Amino acid sequence: MLVDFNTKKGYNFNINVTVVTIEVNYMIEIEFKNVSYNSFRKEILKNITIKFGKGKIHTIVGPSGAGKSTLIKLINRLIDPTHGHILINGVDIKTIDVIDLRRRIGMVFQKSHLFEGTVKDNIEYGPSQKGDKNINVEYYLNIVGLNGDYAARDVKKLSGGEQQRISIARTLANNPEALLLDEPTSALDPTSTEIVEKLMVYLKEKMNLTIIWITHNLEQAKRVGDYIALINKGQLIECANTYDFFTNPQNEITRLFIDGKLKEEVK
Amino acid sequence: MSVLSLTMASSLVLISIFISYYQKIGIEKEIIIGTIRAVVQLTIVGYILHYIFSANNVLFTLAMVTLMIVVAGNNASKRGKEIPKVFYFITFSIALSATITISLLILFGNIHFIPQEVIPVSGMIIGNSMVASGLAISRLKDDIKNKSEELEVYLSLGATSRQAAQKIIKTSIKTGMIPTVDSMKTLGIVQLPGMMTGLILGGVDPINAVKYQIMVTFMLASTVAISCFTVTFLTYRTFFTKQHQLRQAF
């Protein structure tokens, strides 16, 4: 049972899928209002206003050093904006307990950073920090397409693709309502990349998660996302549904980016 | 030992200067400065201790121990100079470990509260605490800097700063304690410790010297554990905000 940030009322419901019965959370919407972020007097993000709609996959693209990772770290408060507000279902995230917020908005990093030990140890980590010891590890393994036998395996013996899926399962074990993924496939082979892409679509469709992810691969962005936002030099250049973004870009910078002619920001 | 024989012994330093010069290591100047400083500092300390021992005054004894703690804190804090308030954290940790250890030694009757016993024992405790705290802080700082993304993974999973840094805290405490623990294992076999050697050279029966050395070993085990534990737990918080965010300044 999860509690609405706005109403504080909770509800859940179940759907049946082929592998497991998944508890579906209701959806959340994330909104940036005039958000800026400075680090060491350098403006990393400039006056960003954007809304990430409920239960959709939002892709963030842009040159290296544009501020993409900074943008998603603001959502789970790994950092705080210098100016502006970030709202979740209309509620300023600064009014929400930060630990609670991070459990509700999971984050997956480029490197899986699995902890030493077994797959089970990793999946149990998040819930165990709040004292929840009865985790159905197999359930979360099934969501990411792995069977229960993986639970006892040493994480060091897993492939890169398996490790990234375990890191997603570890994040899902907190029952998040939104998922942030920072280049989750950039270090993976094509097969593992495809699995993670399908997993993102599956999580959106079956668990109604609001997903915000970063990629450098425009072909991947076309395949996976519902909406796409281009960030360049800390500014939001364009935000549109994926089809319109690629077929009818409204900004010259977007056209240059799609054509691969936009220079990378030097850090 | 006569002044003449001590002067002749100083020629041993020439060997290190020669090696530095011959191998172009380039630390001849530092060796000379270090040697002069050691002679001057030890001579001054010798006279100060001579005065304090003669006076046998509690306040003088405590003032000397306090001075040793502050100097040790200042020296060890150089290993973490980017960390705010690190001098206070290290100095407090050294003071705490010295206070607990010396109090217990006096309580157990191992030493008496007289300057001849408290000051040399404090010197050993403070010196070892200084080295251990410096190592622990240095490791803590490096690990937090090098494992920032791993820490953010922990934080993203809903861990508090303390939970996220737990592994690094453990490693830092261990890093500070390991040299003392390792030297305990080889004590008497690989090395004859300074205090025991000093007592034997001073004419004390080796069996009696060993008793003192065993006491020193126990006392150093306690003191490095207390100082490393305290300094690490006081310092790790400075790397995080109250909102369990990793500070960007490091």
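Tutor: Start with the elements: helices (H or I, at least four residues) and strands (E, at least two) are DSSP runs, numbered from the N terminus. Along its sequence, chain B then reads α-α-α-α-α-α-α-α-α-α. That comes to 10 helices and zero strands. This is a predicted model: local features need pLDDT of at least 70, side-chain atom pairs count only at pLDDT 80 or more, and totals for chains, interfaces and linings use all residues. Residues are numbered from 1 along each chain as its sequence is written, while chains are lettered from A and ligands numbered from 1 in the order in which they are written.

Student: What box do the C-alpha atoms of chain B fill?
Tutor: Roughly 65 × 55 × 35 Å, taken along the principal axes.

Student: What percentage of the residues in chain B is buried?
Tutor: A residue is buried if 20 or more other C-beta atoms lie within 10 Å of its own, exposed if 12 or fewer, and partly exposed in between; C-beta atoms are placed from the backbone. In chain B, 32% of the 250 residues are buried.

Student: How do the axes of H8(B) and H10(B) cross?
Tutor: Axes are lines fitted to C-alpha atoms, for helices over the stretch in contact, and angles run from 0 to 180 degrees between N-to-C directions. The axes of H8 (residues 161-186) and H10 (residues 206-236) of chain B come within 9 Å and cross at roughly 160°. So H8(B) is roughly antiparallel to H10(B); that label is for angles over 145 degrees, with under 35 roughly parallel, 65 to 115 roughly perpendicular and the rest oblique.

Student: Which residues meet there?
Tutor: Contact means that C-beta atoms, placed from the backbone, lie within 7 Å. From H8(B) they include Ala165(B), Gly176(B) and Met184(B), and from H10(B) they include Leu220(B), Cys228(B) and Tyr236(B). By class, this contact has 13 nonpolar, five polar and no charged residues. Ala, Val, Leu, Ile, Met, Phe, Trp, Tyr, Cys and Pro count as nonpolar, Asp, Glu, Lys and Arg as charged, and the others, Gly among them, as polar.

Student: How many residues of chain B are in contact with chain A?
Tutor: 15 residues of chain B are in contact with 21 of chain A. Helix H7 (residues 148-156) of chain B gives the largest share of the chain B side, six residues. That side has four nonpolar, eight polar and three charged residues.

Technical notes
Contact = placed C-beta atoms within 7 Å.
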